[in-house]
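Here is a friendly briefing to read alongside the model.

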Amino acid sequence: MSNPVVTDAHLHLGDRSSGFEERMWLDLCCGAGDRVNAPNDPGSIVAEMNRTGVHRACLLAFDTRPRTGTVVTNESVLAATEAYPTRFVPYLSAPAEPEGVAECVRLIRCRPEVGGVKLAPAYAGVSPADPVWDPIYELCARRRIPALVHLGFTPSTEASPRFVAPMLLEEAVARWPGTLFQVAHVGNPWTSVTIDLMARHENVWADLSIFLAFRSVPEISSVIKAALDREVADRLLFGSDWPFGPITESLDHLHQALDELGTAVTEDVRVGLLGDNIFRLLNQKGS
């Protein structure tokens, strides 16, 4: 068996003292143990990647204005990428208001290294299909970069439970068939809805962040088997959600789940989940 190049498709910059509003940080860190007070600056992240064998990571900005006080800025993510250009792929973020969306679009247009956009509808208090996001979706379609949309359960009391279900993305996917959508957290607990969405729309991908760390190995195996049965496993991505999800446990649980599936998992499937799939997604990027 080859030693695959591991890429984390969902990893956060920022910590308790930088970027995240205090209450949101504590909510999100409910399963993070001693990571709740640990620094999460670029150097610390790279050290953790080195320790866990992660070669590269999609590094996320996180702008949830005006509804919350949390802003991990696009500039901080771009600066981290400039410091570690071979380790990070920058995903910028936009708040759910026209001026912030326009500024994010402007920044993406002048920064060719941007690999994707991170949107957080539940924290913004609007649907992922709300027209406020359309300039982002339109630019993502033109640039062929993914729009990573936070969907699925979150422990944060700052998020609106009205806007966490992956079925809400259907309207946007239909309206923007040329946009590459990356469903965060495989839409947990609505994983079957996410897999079905992927099966019906070739522009929908999904990452397994946080799901890998905190769900049982049989549950993880079941989702991967469903993706294999529906022939969408080549659009399923490894992700940790670091620092909220531990990288080591996420990788260990993924390997255990793949081993549990036995001969249903080929070498190509394993290598794809660990890094090749996100490599293909990111390399669709245009000008």
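The backbone nitrogen of Thr70 lies 3.2 Å from a polar atom of the Thr68 side chain. This is a predicted model, in which local features need pLDDT of at least 70 and side-chain atom pairs count only at pLDDT 80 or more, while totals for chains, interfaces and linings use all residues. Residues are numbered from 1 along each chain as its sequence is written, and side-chain values use heavy atoms, with hydrogens and water left out.

**Around Thr68**

- You will find Thr68 in the loop between strand 3 (62-63) and strand 4 (71-72); strands are DSSP runs of E with at least two residues, and helices are runs of H or I with at least four, numbered from the N terminus.
- Not counting residues up to four places away in sequence, Thr68 touches Met24, Tyr123 and Glu158 (contact means heavy atoms within 4.5 Å).

**Around Val232**

- Val232 sits in the loop between helix 10 (217-229) and strand 10 (236-237).
- Val232 counts as buried because its relative accessibility is 1%.
- Leaving aside neighbours within four places in sequence, Val232 is in contact with Ile195, Met198, Ala199 and Ala227.

**Helix 11 and its partners**

- Helix 11 (residues 247-260) and helix 12 (residues 267-282) have axes that come within 11 Å and cross at roughly 160° (axes are lines fitted to C-alpha atoms over the stretch in contact, and angles run from 0 to 180 degrees between N-to-C directions).
- Helix 11 and helix 12 are therefore roughly antiparallel (an angle over 145 degrees).
- In this pairing, Leu251, Leu254, His255, Leu258 and Asp259 of helix 11 meet Arg270, Leu273 and Leu274 of helix 12.
- Helix 2 (residues 42-52) packs against helix 11 at about 30°, with the axes 10 Å apart.
- Glu48, Arg51 and Thr52 of helix 2 meet Ile247, Thr248 and Leu251 of helix 11.

Note on methods:
Angles under 35 degrees count as roughly parallel, over 145 as roughly antiparallel, 65 to 115 as roughly perpendicular and the rest as oblique. Buried means under 20% relative accessible area, exposed over 50%, partly exposed in between (1.4 Å probe, protein chains only). A polar contact is a pair of N or O atoms within 3.5 Å; within protein, one must be able to donate a hydrogen and the other to accept it, and residues adjacent in sequence count only if both atoms are side-chain atoms.
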